[in-house]
Amino acid sequence: MAWDLPERTRCAIHVFKTLIFCQVLSNKHVAPDHLLQICKRIGPILDKEIPPSILRVNSLLGAGRQSLLRTAKDCRNTVWKGSAFAALHRGRPPEFPVNYGTPPNLVEVYRARQLTGYAKFSTSFPGSMYQHVKMHRRILGHLSSVYCVAFDRTGHRIFTGSDDCLVKIWSTHNGRLFATLRGHSAEISDMAVNYENTMIAAGSCDKMIRVWCLRTCAPVAVLHGHTGSITSLQFSPMVKGSMRYMVSTGADGNVCFWQWDTDSMKFSNRPVKFTEKPRPGVQMLCSSFSVGGMFLATGSTDHVIRMYYFGSETPERIAELESHADKVDSIQFSNSGDRFISGSRDGTARIWRFEEAEWRSILLDMSNRLPGDMCSEEDKFMRPKVTMIAWNQNDNYVVTAVNNHLLKVWNSSTGQLLHDLVGHADEVFVLETHPFDSRIMLSAGHDGNIFIWDITKGTKTKHYFNMIEGQGHGAVFDCKFSPDGQHFACTDSHGHLLIFGFGCSKPYEKIPDQMFFHTDYRPLIRDSNNYVLDEQTQQAPHLMPPPFLVDVDGNPHPTKYQRLVPGRENSADEHLIPQLGYVATSQQTVDQDEQGMEPSILDGMIRQLQLQQDQRNAAADQEPASMFRRPSLDIQSPPNIGLRRSGQVEGVRQMHQNAPRSQMATERDLQAWRRRVVVPEIPPSLLRSGNKYTTLKILTTQFCICIPCDVLVVVSDSSSRYSDWIADAGINLQPPVRTSRRKAVRYCSTSEDEVSAGKSSPPKRRRRKRRKKPRPKKQEGVLNSELSYDWHPPVWITDTALRRSPFVPQMGDEVIYFRQGHEAYIEAVRRNNIYELNPHKEPWRKVVLRDQELVKIVGIRYEVGPPTLCCLKLAFIDHATGKHTDKSFSIKYHDMPDVIDFLILRQFYDEARQRNWQASDRFRSIIDDAWWFGTVLGQEPYQPQYPDSHFQCYSVKWDNGEVEKLSPWDMEPISDNVDQPEELGASVSVTSEEMEKLLYKPEEGEWGMRSRDEACERIISGIDQLLTLDISAAFAGPVDLCTYPKYCTVIAYPTDLNTIRTRLANRFYRRISALVWEVRYIESNARTFNEPGSAIARAAKKITTQLLKFINDQDCTNIFDLCSTTDDEQDCLDADDLVSFFIHVITVMHSPSSIHGKIAQFF
């Protein structure tokens, strides 16, 4: 006890307590958790320098790679000897230590497997094996975008469904084109293969479902049950004897259950239909079956998830789940069990499970972030939306794709966010899980990137970029794994099929790059039930003779490729050369002497081949030719003979009067063709045992459709609407952005001349009639090396000085949208035939728009022309809170003469409303950088249907006598000291001071903590420093279009460091977020025009990253104070860059001490 201690000890204790008390009083700023806070600060720095074994786990008591005292030596990878793999640990091979380096090779693994008798899958097939996946072949097989791809149940066949209305069947193992399934008259929206592998069904925007037999390609059924486009199609895995179900959903709000029989392969004509349309406009968007087929879940635009049950005699709806706040456009059941996940545009996903007699869900909020992640500038303007969802193979994880280009990995049991997968630069609508490897997930998007991810580690294993030579990248619209996981197939916006896999690519080298049948796009005739016949031969497409293989221009491939066509493998050489002959139908005849047609190059080539063959036949004294007379060489061929003719946009769409002679095959050829088996029936051993499938009977009877002549209806499918793919309609360089995996009709620019603006006399008002050079018509065929000036970006986009008009959008602008002006723009585009418009995509057809709306620009994208189009995403602003809502719409426009701006900055609009112009008031207005004067006559609505709109509501009279309509923001008051024109009706030049007063005035916070002038000058100084680096030379000025003439056909919005600097000097940007948006375009353009992994693309990323860091750090005045390196080792500065940095760092320093300090800071 204290009183038993010696006096000296008690005094020492008292002194010690006094000292502690004094230390506490003198260090009041030290909080009780001061040491803990220090460790929290030191931990991330140490983790960045020497990564721990487990990320984001900090402990003062950690050991090894988790210790706060760890060194690089402690983290060296452990190397095991071969004997370690043979050691048993509780009956299995030992787990690898966390710091184990390179995975063991297959020799070591299989040696251990021999010794132990067991090997884990992750050990025998490490994730690094997927680095050996490569692209075997990219095949052009469609004329339009391909949104659907699927494998058959054996994995030996690939199916593609395209916007050109065709479904094609390909070989997985060598890329051969087996068959084309014709019949649809609109875009293919979804496809499904039944579990017995006997049928394929395709849904289309023509509101019909067509089912074909996979053995013979004969049509099995044409199903009519929807009054809108088909949005999803599914075969049910449920088995009830020989009865099966197929389910379709449509844009008409209907869910149809089609019953069919496996023995007869017949579908019921009348489906069990549920009309889920509580209000007009509701669409069913997606569907998914449970693993056993007992439940079906569907998503729709009315935010409701509907559940259907198949346990009764007929399907019945059992539940409606209303937890989402926006449309549900993605839904998927788990691979086992009764759980499913739904994704919505409200920014959430939900994992549902049936518990205690109700469906309960776990919420996954896309706004959740990993610890330490910072919100980017773009995310402040963007509300997250789920674009796609997927389970991994063992259902432990779910992956969601978000519209901010991130993939998020979640624990499916707890809903915890585990990883953010970063790599995509555009929205992702493809997520595919590996069929048996639970670690692997595949993603693809509109940026052309295809990634293979290890979702357990949150790392990318393999990356491929879909670069198309001379055309930029192709957006990837769909991907699927083969059932054995050895291949996966992708389709893109340019009509390509891409086949990836392990192993050798030599079998794929035996096929051409472009594969079409010459009959692919020939016209069809339809009966009253919508079954089709080929118009020329009057035969069902599956009964026609083997077609010829041609390229995209319709030119026949050499004979070695013709033998790739099923039915032509053993044909003689003379049967593999198209021999043109004329076959007249009962309804039409063709005059061979029709004038006005220029000779076809292909016709001449075929005649030459025919002549050579005739000479060979004559030399061999063969029997006389067939009963069809060959055309004489000195007689011009009929107008439509040949597979493509100069000046036509048909390409491989052969017209209905050109029948190659070889198509008149012998009966033996026809019998061999009809006996072909395109897709074999799946063996019973490969069927899912859980569904208890039995061996199926296959009908060998040929289907024959007899159609009376009086019910035939001629329908031509050779419309020029697909000429967007052909060169004479312009190279389609910007793929469409899709809001869901279901196809929306794509439109593109045409090549028609614009109506030139009329001449304006000096006294007349030149109201936005900027002179425009007449647009020459585009030449047929491929673009010349010296591209037309029309491809160059217009002045209103490249201008470095800001003007009142035309309006140049910037990120974050709050504007007033005027529907009247937008309607006038669309009418002008349609009247002048500037480019093709889709009336169904007009914004007022999708959302309710008043005459004027307060909106905020939350997305900007430019499309390659001509004309170059600006695509804006506009979010509605809540007048009460002043913040933008999650409701938005999109518009597309460009600056046109005589078309008034229909987007007005809110600041200008508010100022104009306060003026309250009255009749007889004098005003002045800026037109072409000059003041023009006039008098207000009165105020009345521009259009009576919009009585409250301020758009062009004033009638004015110019001093030259002209009367015109003006908007209040077009007019400025005339002060006393204003210079008047020398003569009545003339104009006065606008001074720079006057123009500056009329421009946008930044609001508080738009340039951070500084004023706009201070921020601009600081950033200009940083750009000047950056331009001194050698690495910046490629981005210092605009790209030379004489050296790179195709640059403007790929890049719609060119920019560079000097352009940004000039715009900063001119105070072009209205806020700092607009500047950040443009800086990022430097890297985006470099990645788009060049290979993403190229040196110039890496340099662009370094420059962009460095400049963005400097912009965001508002206290930094020396850009070399910031480290350029990133967490990714691939993005680190190379040796040359480091030398360049050191030289310039030393140059700007003033003393040796500061040099050492700055160098230390740099590292």
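## Repeat region

Strands are DSSP runs of E of at least two residues, and helices are runs of H or I of at least four. In this predicted model, residues 386-420 are 0% helix and 60% strand.

## Cysteines

The whole structure contains zero disulfides. Buried means under 20% relative accessible area. Cysteine 490 is therefore buried, at 1% relative accessibility, and cysteine 1048 is buried because its value is 3%.

## Helix packing around helix 16

Two packed helices are described by the angle between their axes and the distance between the axes. Helix 16 (residues 1095-1112) packs with helix 12 (residues 1012-1027) at about 150°, and their axes are 10 Å apart. Angles over 145 degrees count as roughly antiparallel, so helix 12 is roughly antiparallel to helix 16. The crossing of this pair is right-handed. On the helix 12 side the contacts include Ile1019, Ile1023 and Leu1026; among their counterparts in helix 16 are Ile1103, Leu1107 and Phe1110.

Helix 15 (residues 1072-1089) also meets helix 16, with axes that come within 7 Å and cross at roughly 170°. Helix 15 is therefore roughly antiparallel to helix 16, but this crossing is left-handed. Residues of helix 15 in the contact include Leu1075, Val1079, Glu1083 and Ala1086, while helix 16 contributes Ala1097, Lys1101, Thr1104 and Leu1108, among others. Leu1107 of helix 16 takes part in the contact with helix 12 and in the contact with helix 15.

Definitions and conventions:
Residues are numbered from 1 along each chain as its sequence is written. This is a predicted model: local features need pLDDT of at least 70, side-chain atom pairs count only at pLDDT 80 or more; totals for chains, interfaces and linings use all residues. Side-chain values use heavy atoms; hydrogens and water are left out. A disulfide is a pair of cysteine sulfur atoms within 2.5 Å. Buried means under 20% relative accessible area, exposed over 50%, partly exposed in between (1.4 Å probe, protein chains only). Axes are lines fitted to C-alpha atoms, for helices over the stretch in contact, and angles run from 0 to 180 degrees between N-to-C directions. Angles under 35 degrees count as roughly parallel, over 145 as roughly antiparallel, 65 to 115 as roughly perpendicular and the rest as oblique. A crossing is left-handed if the near helix is turned anticlockwise from the far one by less than a right angle, and right-handed if clockwise. Contact means heavy atoms within 4.5 Å.
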